[in-house]
Amino acid sequence: MVPVDLFSDTHTLPTAAMRSAMANALVGDEQMGEDPTTRLLQDRVAELLDTEAALFLPTGSMCNKVGVAALTRPGDAVICDSMAHVLRFEGGGSAVLSGVVFEPLATEKGWFTPDQVEAVPIGGNVYQPRSALVTLENTNNFGGGTVWPIDIYEAVCATARERGSAVFTDGARLLNASAASGIVPSRWAASVDGLWIDLSKGLGCPGGAVLAGSAGFIAEANRFKYMFGGGLRQSGILAAAGVYALDHHLDRLTDDHVRAARFAEGLAALGYSVETPETNMAFFDPTPVGLTASEAVARFVAQGVRVSVVAGRIRAVTHLDVDDAGIDAALAVAAGIAAASANSTSG
Ligand SMILES: *Cc1c(COP(=O)(O)O)cnc(C)c1O
């Protein structure tokens, strides 16, 4: 039954039906706005998020770069949570490309409060950077695949606006947040200036992401897309995967959440310390079974269960290519690791 790849939801392989949709896509020159399938995907995402416009980009990381560029000027400050992808995992890209500084806020689960935003100087005078942008990550990856509580999300957005800041949501897994909370995607979009969804994670596409917002925001974003080298040609081949995924892979995201919950419950029963999953990520700590995170990961990987150390604990991510049998197999491996560790410490 092993191997089971719980490393990331980016590890999905396109299904035969998705490949066939890609192979049959109508295409044209995207840079000239003439790729019909890319335009269709953009319309579909704008409709889903109820925004005026949307823009296909090669990656989610580029959505963050382009979004920050469109909503700031050099020397501005960007508020985010201290483990945010845009700050920690993009090679310092927004510092280089947009000349911004970050104001990281300490959080437990990746979401912060209006009071924390208020505590950051508004600035904008000759000495202090202007607090120009607040970015929210939903779900929050390193916080545990957590969903922002909608009331706090909306309160943070309102506070940001009162301070004259723009608001931007890194929605790499926004559709997981919607599946888990029942909050429709358009509600997460309504209080921000820009946001995006990734196609290459829970939706199971081989690449691509879609940025959305007002027509003015998207026009400015398009300028930076080309400036940063993100203009494409016959991108309809990738966009077709996105359209296919919106039609066929959206409703099944809750299956991933159910499997992450089941994996977490199984681990807890085996004595691992587990954070209750909110979406498709199970974070756990093997200390109670006598192993460090990196020792345990090495044993899981050696037995065909690919997991990783993320922010000091172990992360397992469920996705399209992990079924119930995969979860059973991963739990059997977890049981063996816990038992072997107990034998070696008692002997
Ligand atoms: C994966 C991820 C990104 C980057 O998306 P890519 O499509 O891999 O470039 C950005 N933010 C978060 C929260 C992510 O998990």
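A polar contact is a pair of N or O atoms within 3.5 Å. The views below show a predicted model.

**View 1. Polar contacts between side chains and the ligand.** In the side chain of Asn141, an N or O atom is placed 3.1 Å from an oxygen atom of the ligand. For Arg173, the separation between a polar side-chain atom and an oxygen atom of the ligand is 2.9 Å. The side chain of Lys201 likewise has an N or O atom 2.9 Å from a ligand oxygen atom. On its own the ligand has 380 Å² of accessible area, of which the protein covers 87%.

**View 2. The shell of residues around the ligand.** Around the ligand are 15 residues, and those that come nearest are Gly60, Ser61, Asp170, Asp198 and Lys201. By class, the shell consists of seven polar, six charged and two nonpolar residues. Helix α3 (60–71) and strand β7 (194–198) each contribute at least two residues to this shell. The most come from α3, which supplies three.

**View 3. Strand β2 and its buried side chains.** Strand β2 spans residues 53–57, and five of its five residues are buried. Ala53, Leu55 and Leu57 point one way from β2, whereas Ala54 and Phe56 point the other way. In a regular strand, side chains alternate between the two faces of the sheet.

**View 4. Pairing of β2 with β8.** Strand β8 (residues 209–213) pairs with β2 in the antiparallel sense, over five bridges. Within this pairing, Ala54 has Ala212 of β8 as its bridge partner. Ala54 is also among the buried residues of β2.

Methods: Residues numbered from 1 in each chain as written. Predicted model: local features only at pLDDT ≥ 70, side-chain atom pairs only at ≥ 80, totals over all residues. Heavy atoms only, no water. Near = heavy atom within 4 Å. Polar contact = N/O pair within 3.5 Å; in protein donor to acceptor, adjacent residues only side chain to side chain. Areas by Shrake-Rupley, 256 points an atom, 1.4 Å probe, with all protein chains shown as cover. Helix = DSSP H or I, 4+ residues; strand = E, 2+ residues; numbered from the N terminus. Nonpolar A, V, L, I, M, F, W, Y, C, P; charged D, E, K, R; others polar. Buried < 20%, exposed > 50% of the residue type's maximum accessible area, 1.4 Å probe, protein only. Pairing = 2+ DSSP bridges.
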